[in-house]
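Please read them with the coordinates open.

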Amino acid sequence: MDVARLQRHFIDFRASLLREGILDEQFAQLEKLADDSSPGFVLEVVSLFFEDSESLLNNLSQALQQHPVNFNKVADHAHQLKGSSASVGAQRVSSVCVGFRSYSDAGNLEG
């Protein structure tokens, strides 16, 4: 596959992620921060997000397995994940965390 075709695929894929609400305008703003002196900026930020998210999800899973469940801890982990997701433009993840936090605040394990 030639470079021009690969670039078109990337542009189409990025547009699809924005259109479907997986990413939002915050991601586009993040992309604008990259320049010639830091071309890998977005990759670095997104990689850090994935590393932090893995840790947060593990903590969230552990908190949900405690008996009784400490819903304050669950809500805190969901809030942290919501914030980091919003900062990289991961709209859909951030939105799910809002709902998850609401269920935690209500002490609802079924949500």
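1. The axes of H2 and H3 cross at roughly 130 degrees and come within 8 Å, so H2 and H3 are oblique to each other. The model is a predicted one, and the points that follow should be read that way.

2. On the H2 side, the contact with H3 is made by Phe-27, Leu-30, Glu-31 and Leu-33, which meet Phe-41, Val-42, Val-45 and Val-46 of H3. By class, the contact of H2 with H3 has seven nonpolar residues, no polar ones and one charged.

3. H3 covers residues 41-65. Its 25 residues reach 36 Å from first C-alpha to last, close to the 36 Å expected at 1.5 Å a residue. Val-42, Val-46, Phe-49, Ser-53, Leu-56, Leu-60 and Ala-63 are the buried residues of H3. The cover over them includes helix H2 (25-33), H4 and H5.

4. How do H3 and H4 pack, and at what angle do their axes cross? The axes come within 9 Å and cross at roughly 165 degrees. That makes H3 roughly antiparallel to H4, and the crossing of H3 past H4 is left-handed. H3 contributes Val-45, Phe-49, Ser-53, Leu-56, Leu-57, Asn-59, Leu-60, Ala-63 and Leu-64 to the contact, while H4 contributes Lys-73, Val-74, His-77, Ala-78, Gln-80, Leu-81, Ser-84, Ser-85 and Val-88. Divided by class, these are eleven nonpolar, six polar and one charged residues.

5. Gln-80 lies in helix H4 and is partly exposed, with a relative accessible area of 42%.

6. The loop between H3 and H4 holds Pro-68. The peptide bond that joins His-67 and Pro-68 is cis, with omega about -5 degrees. As background, most peptide bonds are trans.

7. H4 runs over residues 71-88. Its 18 residues should span 26 Å at 1.5 Å a residue, and the end C-alpha atoms are 26 Å apart, which agrees. Buried in H4 are Val-74, Ala-75, His-77, Ala-78, Leu-81, Ser-84, Ser-85 and Val-88. These buried residues pack against H2, H3 and H5.

8. The axes of H4 and H5 are 8 Å apart, and the two helices pack at an angle of about 165 degrees. H4 and H5 are therefore roughly antiparallel to each other. H4 passes H5 in a left-handed crossing. From H4 the contact takes in Phe-71, Val-74, Ala-75, Ala-78, His-79, Leu-81, Lys-82, Ser-85 and Ala-86; from H5 it takes in Val-93, Ser-94, Cys-97, Val-98, Phe-100, Arg-101, Ser-104 and Asp-105. The classes are ten nonpolar, four polar and three charged residues.

9. Is Ser-85 buried or exposed? Ser-85 is buried, with a relative accessible area of 0%, and its place is in helix H4. Leaving aside neighbours within four places in sequence, Ser-85 is in contact with Phe-49, Ala-90, Val-93 and Ser-94.

10. Ser-94 lies in helix H5, residues 91-105. The cut-off for buried is under 20% relative accessible area; Ser-94 has 12% and is therefore buried. Not counting residues up to four places away in sequence, Ser-94 touches Lys-82, Ser-85 and Ala-86.

11. Phe-100 is also placed in helix H5. At 30% relative accessibility, Phe-100 counts as partly exposed. Beyond four places in sequence, Phe-100 touches Leu-60, Leu-64, Val-74 and Ala-78. Phe-100 and Ala-34 are 66 residues apart in sequence, and their C-alpha atoms are 32 Å apart in space.

Methods
Residues are numbered from 1 along each chain as its sequence is written. This is a predicted model: local features need pLDDT of at least 70, side-chain atom pairs count only at pLDDT 80 or more; totals for chains, interfaces and linings use all residues. Side-chain values use heavy atoms; hydrogens and water are left out. Helices (H or I, at least four residues) and strands (E, at least two) are DSSP runs, numbered from the N terminus. Buried means under 20% relative accessible area, exposed over 50%, partly exposed in between (1.4 Å probe, protein chains only). Contact means heavy atoms within 4.5 Å. Axes are lines fitted to C-alpha atoms, for helices over the stretch in contact, and angles run from 0 to 180 degrees between N-to-C directions. Angles under 35 degrees count as roughly parallel, over 145 as roughly antiparallel, 65 to 115 as roughly perpendicular and the rest as oblique. A crossing is left-handed if the near helix is turned anticlockwise from the far one by less than a right angle, and right-handed if clockwise. Ala, Val, Leu, Ile, Met, Phe, Trp, Tyr, Cys and Pro count as nonpolar, Asp, Glu, Lys and Arg as charged, and the others, Gly among them, as polar. The expected span of a helix is 1.5 Å times one less than its number of residues.
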